[in-house]
Amino acid sequence: MSDFQTFRYRLRLTGRLRLETALRVGSGLTDELSGTDIAVVKDAQRRPYIPGSSFKGALRAHIERLVRSVESEFGSGKGACNPMRDEERCIPSKPVDSRVSIEQLRRNFENNPSGLDDELYCLSCRVCRVFGSPWLASKVLVKDLLLAEPELWFDRRYQVRHGVGIERDSETASRGLLYDYEAVPAGTEFRWEIVIENADRERAEDGLVIWGLREFANGRVRLGGGRSRGLGWVTLTFDEYAEEVDATDRQALLDYLTTGRGRLVSHDEVLARAATFARMLAGEEG
Ligand SMILES: [Zn+2]
């Protein structure tokens, strides 16, 4: 089975994302790691979509906040570091406090690249292990969220809104900074698809992602610019089944290779994995 070392496990989750309030149209130049300013952008046909990297950033940022509320320390499989600031990463590029740097690790493992990969995984925080870091590949792939009913979209559904810029120094509204922007109206629905690859199921790494998605399902998350004006509330629903391929199970792998389809996982089973993760997180506290 050694040929399948790079593919051990895959879980494909799908569903819909519904805008409960309007979502602003932006430039799409969102930093994947920050996830603070997710917006919809337009495709070549001027139809709105949400870039997968943007949704992934928002999901990650939300999971980081939740994990930190339980585990304030980070590193070696615990907590959530701050991937936006090098000195606050679980593995910084230069030594910080007692944390070993990527520089040191690369020297230590000069002749042992696979040993380096294992060590990087080992030292990384709970969230980097799943969502990746500059040194570690992400296990989460988020496709662009396209309109659920593209045939129902027409261009004048974009709403034009008026914004007022705020002067940074005086924090007062400035006449010169009035601007218009477009928004996609409430009620618009997008399809989402997330693939989790090679998650360590004993550490409930799949459950961590589902746990974050569940918060979106409960309508507790806002996306997008213009948040102060009540834009960007979303709710997420899961499709009835997810699809799973466990390549470490010989029969399951043969079924997959024969039919091209994985095992169907019910919605209840999907949610149970979030609960498993939450229990693990709570149990390892302190
Ligand atoms: Zn980290």
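A204 sits in the loop between strand β9 (189-197) and helix α5; helices (H or I, at least four residues) and strands (E, at least two) are DSSP runs, numbered from the N terminus. This is a predicted model, in which local features need pLDDT of at least 70, side-chain atom pairs count only at pLDDT 80 or more, and totals for chains, interfaces and linings use all residues. Residues are numbered from 1 along each chain as its sequence is written.

Although A204 is not a glycine, its phi is positive, at about 55°. A204 is buried, with 23 other C-beta atoms within 10 Å. Here buried means 20 or more other C-beta atoms within 10 Å of a residue's own, exposed 12 or fewer, and partly exposed in between, with C-beta atoms placed from the backbone.

S76, in the loop between α1 and α2 (102-108), also has a positive phi, of about 50°, without being a glycine. With 13 other C-beta atoms within 10 Å, S76 is partly exposed.

Now to the helix pair. The axes of α1 (residues 52-70) and α5 (residues 205-217) lie 9 Å apart, at an angle of about 100°. That makes α1 roughly perpendicular to α5, a label for angles of 65 to 115 degrees (under 35 is roughly parallel, over 145 roughly antiparallel, the rest oblique). Axes are lines fitted to C-alpha atoms, for helices over the stretch in contact, and angles run from 0 to 180 degrees between N-to-C directions. From α1, L59, H62 and I63 meet L208, G212, L213 and E215 of α5; contact means C-beta atoms, placed from the backbone, within 7 Å.

Finally, V127 touches R60, I63, E64, V67 and A80, leaving aside residues up to four places away in sequence.

Key
Contact = placed C-beta atoms within 7 Å.
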